[in-house]
Amino acid sequence: MENDSALQQDVIQRVKTLPEDQLRDVLQFVEALQHSEQASRSIEEKIARIVNEEPRDIWEDVPADGAENHDHYIYGRPKQNT
């Protein structure tokens, strides 16, 4: 962890000396790195991240049969019997 912190500090110090046009390039590069990392995540990882970002009590209102009866919850169609 200390090496990570030292590396971060080194990057920060070097970035501070860059002119504004190069700072924009660095920002675009960092955003591209973040985007490629997000794109490489599996759907399960993306769902887990979303679920963990919300308070637990919000999930109490999510219907347990939402996948089976999505037309009911989205369009108001009759529920499927199973």
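Glutamate 20 counts as exposed, at 53% relative accessibility (buried means under 20% relative accessible area, exposed over 50%, partly exposed in between, with a 1.4 Å probe and protein chains only). Its side chain meets that of arginine 24 in a salt bridge, 2.6 Å from N to O (a side-chain nitrogen of Lys or Arg within 4 Å of a carboxyl oxygen of Asp or Glu). This is a predicted model, where local features need pLDDT of at least 70 and side-chain atom pairs count only at pLDDT 80 or more, while totals for chains, interfaces and linings use all residues. Residues are numbered from 1 along each chain as its sequence is written, and side-chain values use heavy atoms, with hydrogens and water left out.

**Salt bridges**
- By this rule the count is five salt bridges.
- Glutamate 20 and arginine 24 sit four residues apart in helix H2 (residues 20–39), about one turn of the helix; arginine 24 is partly exposed at 48%.
- Over in helix H1, aspartate 10 and arginine 14 are also four residues apart, so about one helical turn separates them, and their side chains pair up at 3.1 Å, N to O.
- Aspartate 10 is partly exposed at 35%, whereas arginine 14 is exposed at 56%.
- Glutamate 53 bridges to arginine 49, with the closest N and O atoms 3.0 Å apart.

**Fold and overall shape**
- The protein has four helices and zero strands (DSSP runs, H or I of at least four residues for helices and E of at least two for strands, numbered from the N terminus).
- Its radius of gyration is 22 Å, well over the 12 Å that the globule rule gives for 82 residues, so the protein is more spread out than a compact globule (taken over C-alpha atoms; the rule is 2.2 Å times the number of residues to the power 0.38).
- Along its principal axes, the C-alpha trace spans about 65 × 30 × 20 Å.

**Surface**
- Ile43, Ile47, Ile50, Val51, Ile58, Trp59 and Val62 make a nonpolar surface patch of about 600 Å² (residues with over 30% relative accessible area and no salt bridge, nonpolar side chains being joined within 5 Å and like charges within 9 Å; areas by Shrake-Rupley with a 1.4 Å probe).
- Tryptophan 59 is in the loop between helix H3 (43–53) and helix H4 (70–75), and is partly exposed at 35%.
- Leucine 7, in helix H1 (residues 2–16), is exposed at 53%.
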